[in-house]
Structure formats: structure tokens, C-alpha cells
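Visitor: I am new to this kind of picture. Please show me how to read a few of its features, one at a time.

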Amino acid sequence: MKSLKLAAVIAVVGTILFTPQTFAGSLSDSNVLLVTQANTKLKPQLKLPKIQPLSQLNSSPKARNANNVDALLTQISRDLEKGDFPKALEGCNTVLKIDANNFAAYFFRGFTYTQLGEYQTAIEDFEQAIRIDPSSAYPYFGRGFARVQLEKYRDSLADFEQTIKMEPEFAHAYFWRGIAKANLAQTDEAKSDLQKAAELYQKQGNPEAAEQALNVLKEIPTA
């Protein structure tokens, strides 16, 4: 069960987009930092693996529900890859009607809400995912990402730090922690995080993301 959840979640985390609005903050006296290079969407860091069913088909209602959930989660991840967020949201709601404590559905729905700009609602779903499985790094990252969008930079730091504690090579967490620290005028630490993110992206075969991180780093004013 856990391997299914993590495989699906990892695939979706890699599709997080970098948008110009994210970088508007308090990095200078004018309180504005616009990174024009951030208009480019980063390619997924991780490709979607095949999701194995939780149980084999048989005649029991419980097994049929499990297989229905598996199929729905697979379709949701595909919808997210295609950017069909309304359809993904509908799928998540359907899963949660079948299984009210489905970790992946809460994570997927939280991610979907971030892409729809409903960040506070996303945070609520990520918190439900944390309640269900506090050992997974991904909903902490998702909550931190949403908090950055709401300019709750200080609150986001704890989420990114927890993510990195659980997954020390989680490149996205270093990137967004760098953004949060930059907006808190923690210039040196922000640059260190962005440099680390670039190194990890490069190591993980994502040179475009590495270049993006370095471009953002260059935009941070010297303290």
C-alpha cells in the first residue's frame, strides 16, 4: 500500500510549476523580485511509474472498491500530468467518497488546488495527508509550497526542513526553501539552498531545473 502511495505522489511532485508570481516578494527595498526566466515551465523531474493494483480482482466488494480506487488514482495522476485539473479534482473527490482516509487522494487534491490557485484549501488537504501518513515527506513539501504562494515564508520553512530531514536529496524542497529565505532577507542561506538545489537537479538529470535555480540565485541582491 505504501509503495503505491509514494510512487504516485513522487510522480506528481515532479510536475510542480515555477510561476513568476512566486518570486514577487521582499528581497529588496522596493519589495519586488521578478524573475523573468521563471516563465518557463520545468519538465517533470520524475516520470510516472506504473502503479500496481493493491489487490487482485475477485468477487468481494472490498476488493472491487480497492481496484476502483487504484484505477481512479492512476487516472488522476494522468490527468495531472496533462494539466486537466478540474478532472483530477473530480477524481479525487470520487476516491474520497470510497475511502475517506486515502493518503494519495488528499495529496493529489492538495496539489490540484495549488494549481488552481486555492492555496489555503490545498494546505487543508496536505494536513489531512500528514494526519494519515506523517512519515511521508511529500505533503510537508506541498504545504510549504502552498505557504510560499500565500507569502507565509516563515511558516513554510518548517515544512521544507521536515521534507529535507526525511528526503535529504529532495531538490524541490531546497529550491523553495531558498525562495522563502530570500523573501525573509536571509540572503546567504537562500543562495546556499539554491546552489544545493541546482546541484541536485543536475545530479538527478534535470539540467533545465538546475539552470532555473542558478538564474534565480543570480537575481538575489547581495546583502
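Visitor: Are Tyr138 and Phe170 buried or exposed?

Guide: Keep in mind that this is a predicted model. Tyr138 is buried, and Phe170 is buried too.

Visitor: How many aromatic pairs does the structure hold?

Guide: It holds eight aromatic pairs. Take Tyr138 and Phe170: their ring centres are 5.6 Å apart and their planes lie at 50°, so this pair is tilted.

Visitor: Which parts of the chain does the pair of Tyr138 and Phe170 tie together?

Guide: Tyr138 belongs to helix H6 (residues 138-149), while Phe170 is in the loop between helix H7 (153-166) and helix H8 (171-183). These parts are 32 residues apart in sequence, so the pair ties them together.

Visitor: What kind of pair do Phe141 and Phe160 form?

Guide: Phe141 and Phe160 form a tilted aromatic pair, with 6.0 Å centre to centre and 50° between the planes. Phe141 is in helix H6 and Phe160 in helix H7, 19 residues apart, and the pair links these distant parts of the chain. Buried means under 20% relative accessible area. Phe141 has 1%, so it is buried, and Phe160, at 0%, is buried as well.

Visitor: Which residues form one aromatic cluster?

Guide: One cluster is formed by Tyr138, Phe141, Phe145, Phe160, Phe170, Phe175 and Trp176.

Visitor: Where does the charged end of Lys196 sit?

Guide: The charged end of Lys196 sits over the ring of Tyr174, 6.0 Å from the ring's centre.

Visitor: Is Arg109 buried or exposed?

Guide: Its relative accessible area is 17%, so Arg109 is buried. Arg109 lies in helix H4 (residues 103-115). Leaving aside neighbours within four places in sequence, Arg109 is in contact with Leu89, Cys92, Asn93, Leu96 and Asp125. The C-alpha atoms of Arg109 and Phe126 are separated by 8.4 Å, and these two residues are 17 apart along the chain.

Visitor: What span should helix H10 have?

Guide: Helix H10 (residues 207-219) has 13 residues, so at 1.5 Å a residue it should span 18 Å. The C-alpha atoms at its ends are 19 Å apart, which agrees.

Visitor: Which residues of H10 are buried, and what covers them?

Guide: An α-helix has 3.6 residues a turn, so residues three or four places apart point the same way. In H10 the buried residues are Ala209, Ala210, Gln212, Ala213, Asn215, Val216 and Leu217. What covers them includes H8 and helix H9 (187-203).

Note on methods. Residues numbered from 1 in each chain as written. Predicted model: local features only at pLDDT ≥ 70, side-chain atom pairs only at ≥ 80, totals over all residues. Heavy atoms only, no water. Phe/Tyr/Trp six-rings, centres within 6.5 Å; stacked < 30°, edge-to-face > 60°. Helix = DSSP H or I, 4+ residues; strand = E, 2+ residues; numbered from the N terminus. Buried < 20%, exposed > 50% of the residue type's maximum accessible area, 1.4 Å probe, protein only. Lys NZ or Arg CZ within 6 Å of the ring centre and 35° of its normal. Contact = heavy atoms within 4.5 Å. Expected span 1.5 Å × (residues − 1).
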